[in-house]
Amino acid sequence: MEAFITENFENWNISGDSFLTKDSTHTRYRDSSVRWHWSGASSITIPVDTSFKEKDANINREMHPTFSFWIYSEKKMFGKLKFEFGHDGVCDCAFECRLNFTGWRTGWVSYLRDMTGQVGERIDFIRISSPESESEGTLCFDQIIMLSYIDPRLHMGDAQLPHIKSEDNGCWAELYEFSQTPPEPELPFKVEIETFETIEKIELHLLEYLSSSFEDQHIDSSTQVHSKLKLLYRGGRLKGPPPMFKTHNLIYPPAIRGKYERISNSNSICEYFSVMWAIARKINSSGDDAEKAEFETLFVRLLDFIQYHGWQPGSSMGSLKDSCRNIAQFAAAVLLIKSSLRKRKRLIPAMKLLRWLAGTGRIYTWRKMEPGEESDVICLQSLPILVSILLDDNARDKVRDLTAFSRWFSKALEPAPGLQGTLKPDGSWFCHYGPYPVIAALDRMENPMMATAALAGTAFDVSYLAWKTLAKGVASLFVMSASGKLPVSMNGCNMGKYYAIPAELMYMLTLAALRKDDIPTAEKAGGIYRKLTEGSDEPEIQRKNLLMARNHIYPQRIPDGHWSMNYSAAAIHRRQSWTAVAKGFSKYLWRNETLASAGLFGRYIAFGSMEIMPDDDELKTFRHDGWDWNFWPGVTGILKPVGALRAELGSMDKYSRFEERLLSSNAFAGGVDLEHSNGCFALSLAGHPKYEKALRARKSYCFFDDFIVCLGSGISSEDDLYPVFTCLFQTPAESGNMPLFLGSALNVSRIDGSGNADTWMTDTIGNSYYLPEGDFTLTVGSQQSISHDGVRKTEGRFACAWLDHGIRPENEGYEYVVFPQNTALAQEFIAAMKSSRKAYSILRKDSGAHIVRYNTKSITAYIMFRSGPVNCNGAIVSVSHPALVMTRETASTFKLSVCCPDLNLYADEDPDQFDADGVQQEVSIYSRPWAHNRSLPLTLKVELNGKWTPRREYPFCRYTSAENGNTTDEIECRDGLRQQIEFENIF
């Protein structure tokens, strides 16, 4: 089958008064299209020979057989073009295409979903019939592709093909529906002078931010632009490669995709938007009238060119999935030169195109929307939506839409239920239905932060809840970072490096806070900005720091403390020179994200990893090249050759692509803090049957001031080939750095050694480890590995230490203590442990509970994997649900901090995750019926030893005295958040 049946139009049959010719004026592919002129009722019949293949055995989701075409119309028509498909003269299925446009349009039409009738096993003709309402007309056809197999989420309906319904769970497939949404609220009766002034300030603020937000291309002349984009100006318009997007190449069948990508010779629409932004900057800054006019003309020509090729309101270009990521530059360009575009009568067309691409009509859904919006929408669409509103010259429309935007944007920023949205109550950032701050915040958040800052302090400001949620989320980024870089466990599939917090996020948040007179937030965000930019000599950064200083904002001190983020299944413990981040996963939160070209070896990263990040970048643990993907510090896993860790990707259903996001069968993963100073984290580890045969473990970390007690129990596996391990550390061994063993330097080039109980050692970056029990293995030397995208071999020098639990262990355990960046403390601690001055005591360590007492501070961490009696003669007698509890006791008072880490999005089991034998199956996270559920409250009953009463009223707590003289507290837990109560004794 030829890919483009337009290449052989000589064998097309025509009926009625019509004729076919080549057209070299209007082209999409190569140098000509097929021009059809008709008069009266006419049709084209195209002979084809197409058979539909059976479902690909490697794809669990059905890919839709798809017909696609490009069509050009010189004028708008009111009728519809009819496409019929069949065999032996009989029509099996059909669809209609509206002709209400000028320029080029395209459509991707599924044979299975988007046509009337039912496609047969074979098609031998296509019939295209002229519209009944038009007595004559002319159309051009190009790139008619008879059959491609396409992800059913990609097809998008539009003004020409409104019947197409994508099977997308994402945010852009509804562009046509949004364009048809009635405005809400009603138009204001009149617009006050003060409102005009407010809108002018919003626009000025936005332009100020935009002017420094995108990298400029250096543009000197129209000739340079023509050369860069391979364009020529002939016959009164630009000609050259059409603007497309990478998704559009998916329409070419895989066997010929590479060939036709080269032949089609298109440019990326992103490149056009980038050039248009550079031209707009040139227009805005030029003091030469002639030069300014030249570039205004060039901008208008580029705008006309992309619209000629289908980038128009109401056109979905077959699929706009992911192509809207780059429209912020287009939005910024149009706003910057809107007076020039108004003068040349192009402002309204540009505004309408931007409203279409941004899906501006979504703001009218604010009344019925759930709190929280997906990251793709907030981060990529909110700023273009705001700009599209500011471009409107109708004042009443503008005020109505700014009001709707404020209400929609406020709801979008509020904490979302379940796995939806972007922001969570504990400061977690979500994308792809899981914790993902590297994408949701670091990669995308600057644009919506500009919108927030521009609106701050005006009548169109975001709500109080939205503001506080956003401020907490941005602050959480600094909390979990070290020297401004996030832990690798928060990278999702982007596992090649550490990612830095953009300082500009903090600057925008500071400006917004100052405009709102929120001084505490301004001091915190501004202080973080100053901390992140310390030592910079860039003039723009120095200017911003001077602004901070004038507002009495000083560099933020590195915070000491402990934070639990249970929507991320994470805990963060910070001291002045280091940050430790523990990471898990659960039956709600995926363990890692793997795509076809990223994160292929990250399967263990959430198996109870505990990454220690010194504030010195040179001492950070992770190095990509040579990294053994087994040995994430802290994890318990099955030790396999690195190559055997490569993910086996598939596509589960219509909601997913080739990707992997595996879930646990357990709900217990999270942490609790006491007074934001100390805390604990625990994970009930359950490996997935896809890779781990019945791997189970109970893991916990107790973070006490400057040391961390690490416990494991119930470790078991049914893998007959590979042993189970717990990694102590993997650190770079570069430039002669070697670990210390029992206080002595190890100075050999390669060690494959082992040690046993009552041992201490250091890694190569200054962390010390004490092992009161258990054997360990230590290696130092060169390691060979594979890049995280699987495309190249890598090598590096590392020191690794791990505990070997053997093949098929049963109920194994471990205990060790980590002293981050403090060898002296380790030596003092070990001496004390060998005397009666033990800093901590293990009160219980089994499959039911880990209970650890910090003797020095009278703090006890109760990690109850099961409900029931505590059995350790402490302040807590029993709990009614699996829970994390911490107490600090004195003679007459104690503080109680509790948390149920179970997010409780659904009860019991998720039935279709398990087969008839109870074995967990791989599923798409997007298909989960509970993914949109709110966290249901759990009433945790905690029985206290003795009679106690709260020092004040707590709305989430009820307490009663038990008959045995103890006190029972009923504490409402939700969203994995901790509740803290202070009691006093009743004598």
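In general, the strands of a sheet pair through backbone hydrogen bonds, in either a parallel or an antiparallel manner.

## Confidence in the model

The structure described here is a predicted model. The protein chain has a mean pLDDT of 90, and 95% of its residues reach 70 or more. Residues 56-60, however, have a pLDDT below 50, and this stretch has six contacts in the model beyond near neighbours in sequence. Where pLDDT is low, predicted coordinates should not be read in detail.

## Nonpolar cores

The largest nonpolar core contains 217 residues. Leu206, Phe299, Leu302, Trp408, Met610, Trp632 and Tyr816 have the most contacts inside this core. Helix 5 (residues 269-285) gives the most to the core, contributing eleven residues. A second, separate core has 37 residues, including Ile5, Val48, Leu81 and Ile164. Nonpolar side chains tend to be buried together in soluble globular proteins.

The surroundings of Leu302 can be described individually. When residues up to four places away in sequence are not counted, Leu302 touches Val225, Leu229, Leu231, Leu238, Tyr272, Val275, Met276 and Ile279.

## Helix 11

Helix 11 comprises 19 residues (residues 395-413), which at 1.5 Å a residue should span 27 Å. The C-alpha atoms at its ends are 26 Å apart, which agrees with that expectation. Because 15 of its 19 residues are buried, helix 11 is largely enclosed by the rest of the structure.

At the start of helix 11, Asn394 places a side-chain oxygen within 3.1 Å of the backbone nitrogen of Arg396.

Thr794 belongs to strand 34 (residues 793-806). Its relative accessibility is 4%, so Thr794 counts as buried, the cut-off being under 20%.

Apart from neighbours within four places in sequence, Thr794 is in contact with His624, Asp625, Gly626, Gln783, Gln784, Ser785, Ile786 and Ser787.

How values were computed
Residues are numbered from 1 along each chain as its sequence is written. This is a predicted model: local features need pLDDT of at least 70, side-chain atom pairs count only at pLDDT 80 or more; totals for chains, interfaces and linings use all residues. Side-chain values use heavy atoms; hydrogens and water are left out. pLDDT is the predictor's confidence in each residue, from 0 to 100. Contact means heavy atoms within 4.5 Å. Helices (H or I, at least four residues) and strands (E, at least two) are DSSP runs, numbered from the N terminus. The expected span of a helix is 1.5 Å times one less than its number of residues. Buried means under 20% relative accessible area, exposed over 50%, partly exposed in between (1.4 Å probe, protein chains only). A polar contact is a pair of N or O atoms within 3.5 Å; within protein, one must be able to donate a hydrogen and the other to accept it, and residues adjacent in sequence count only if both atoms are side-chain atoms. A nonpolar core is a set of buried Ala, Val, Leu, Ile, Met, Phe, Trp, Tyr and Cys residues joined through side-chain atoms within 4.5 Å.
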